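This note sets out comments on the structure shown below. It is arranged as numbered points for a colleague to check against the coordinates.

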Amino acid sequence: EKGYETGEHAPGLKLGGCGAYKAAHHIIKTHAKVWHSYNNTWRREQRGMVGISLTSGWGEPVDPHSQTDRDAAERYIQFHLGWFANPIYRGDYPEVMKNYVGRKSAQQGLGTSRLPTFSVQEKTYIKGTSDFLGIGHFTTRYVLQKSFPFLQVSSYHTDHDLAELVDPNWPAPGPKWLYSVPWGFRRLLNFIKTQYGNPLIYVTENGMSETVQCPQLCDEGRIQYLKGYINEILKALNDGVNVRGYTAWSLLDKFEWNKGFSERFGLYHIDFKNKNKPRYPKASVDYYKKIISANGFPNPREVMS
């Protein structure tokens, strides 16, 4: 969407209303081709797994008693995660995406929907092409219905007729888009379990960045974020969600899309101004080491002998 619709990211194309959908369509079809290629050629010998990693926030209805808000929150998830996961696990784009994009395309006077369609053969070929689901997750939004006026030029952002809100009390330790809302992760994982037949899940990205660097590398916000989100994964495991692994994002500060080096996701601080790029552990390193060595939360009452 940022690469082919708004042009914010590389390759910087502004193909409003259809660019993101076309790009995604090709990604899904090529993913399936790679999966089949591995399945037919290498799987018997190597016994490896091929999956896809999808990044999605969680959408929570502003008013959980309002059917309109619940429907809007469902659309939020389907237009993010379902866009890719539904074809791979269920054989086609989510019905709500087909309905909304189809209707808005018709209002624009287009003969066909801006959302491409899969042939019957493609649906069969794509369905089931994931041995595991990789999940990148960072934050949550409250969602409510918002009807956009009829626009001659529609976009991915106006197609789903919803508005995203945040709670000002949510911790926002870094960039404007990333609020720490751990409970949203458990809900997202349970949604995946219900929606896609409890697939094997690897959490491939989860973490936060800080934009203002503490000179003592005291990233207390990251420690609280990791603690909260890992605890919600633990609850999801107890719910029966099939999470097999977790990756904190990220090991090192690095180049972050169009934000360059200004957003720092790393457990290790990198001095980018130094030619040798030395690495310094932030406080979260010590905390995360304790979690992974205990394979769980350390018992605060346990005395080291």
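Predicted model: local features only at pLDDT ≥ 70, side-chain atom pairs only at ≥ 80, totals over all residues.

1. The open sheet is built from 3 strands in the order S2-S4-S5, and its pairing is mixed. From one strand to the next the twist averages 40°.

2. Strands S2 and S4 (residues 140-145) run parallel and are joined by 4 bridges. Within this pair, Trp 58 stands opposite Thr 140 in S4. Two helices pack on the sheet. Helix H3 (residues 67-90) touches S2, S4 and S5, and its direction makes about 125° with that of S4. Helix H7 (residues 183-195) touches S2 and S4, with its direction at about 100° to that of S2.

3. In a regular strand, side chains alternate between the two faces of the sheet. In S2, Trp 58 and Glu 60 point one way while Gly 59 and Pro 61 point the other way.

4. Helix H4 (residues 95-107) can be checked by its length. Its 13 residues should span 18 Å at 1.5 Å a residue, and the end C-alpha atoms are 18 Å apart, which agrees. The buried residues of H4 are Met 97, Tyr 100, Val 101, Lys 104 and Ser 105. Seen down the helix axis, these buried residues fall within an arc of 125°, so they line one face of H4. Glu 95 and Ala 106 are exposed, and they lie on the face of H4 turned away from its buried side.

5. What do the buried residues of H4 pack against? Their partners are helix H1 (19-41), H3 and helix H6 (156-159). Just after H4, Gly 109 adopts a positive phi of about 85°.

6. The H1 and H3 helices also pack on one another, at an angle of about 35° and with their axes 10 Å apart. H1 passes H3 in a right-handed crossing. On the H1 side the contact is made by Ala 20, Tyr 21, Ala 24, Ile 27, Ile 28 and His 31; on the H3 side, by Phe 79, Trp 83, Phe 84, Pro 87 and Ile 88.

7. H7, one of the helices packed on the sheet, also packs with helix H8 (residues 220-238) at an angle of about 35°, their axes being 8 Å apart. The crossing in which H7 passes H8 is right-handed. Trp 183, Phe 185, Arg 186, Leu 189 and Asn 190 in H7 meet Tyr 229, Glu 232, Ile 233, Lys 235 and Ala 236 in H8.

8. H8 has 19 residues and reaches 27 Å from its first C-alpha to its last, close to the 27 Å expected at 1.5 Å a residue. Its buried residues include Arg 222, Ile 223, Tyr 225, Leu 226 and Gly 228, as well as Tyr 229, Glu 232, Ile 233 and Ala 236. The buried residues of H8 pack against H7, strand S6 (201-205), strand S7 (243-246) and helix H9 (283-294). Just after H8, Gly 240 takes a positive phi of about 100°.

9. Strand S3 (residues 133-136) pairs with S6 over 4 bridges in the parallel sense, and Leu 133 stands opposite Ile 201 in S6. S6 and S7 likewise pair in the parallel sense, over 3 bridges. Here the bridge partner of Tyr 202 is Gly 245 in S7.

10. Tyr 196 lies in the loop between H7 and S6. Why does Tyr 196 count as buried? Its relative accessibility is 7%, and buried means under 20%. The C-alpha atoms of Tyr 196 and Asn 86 are separated by 7.7 Å, although these residues are 110 residues apart along the chain. Leaving aside residues up to four places away in sequence, Tyr 196 touches Gln 78, Leu 81, Gly 82, Ala 85, Asn 86, Tyr 89, Arg 90 and Phe 191.

Methods:
Residues numbered from 1 in each chain as written. Heavy atoms only, no water. Pairing = 2+ DSSP bridges. Axes fitted to C-alpha atoms, helices over the stretch in contact; angles between N-to-C directions. Contact = heavy atoms within 4.5 Å. Expected span 1.5 Å × (residues − 1). Buried < 20%, exposed > 50% of the residue type's maximum accessible area, 1.4 Å probe, protein only. Arc of directions from axis to C-beta. Left-handed = near helix turned anticlockwise from the far one by under 90°.
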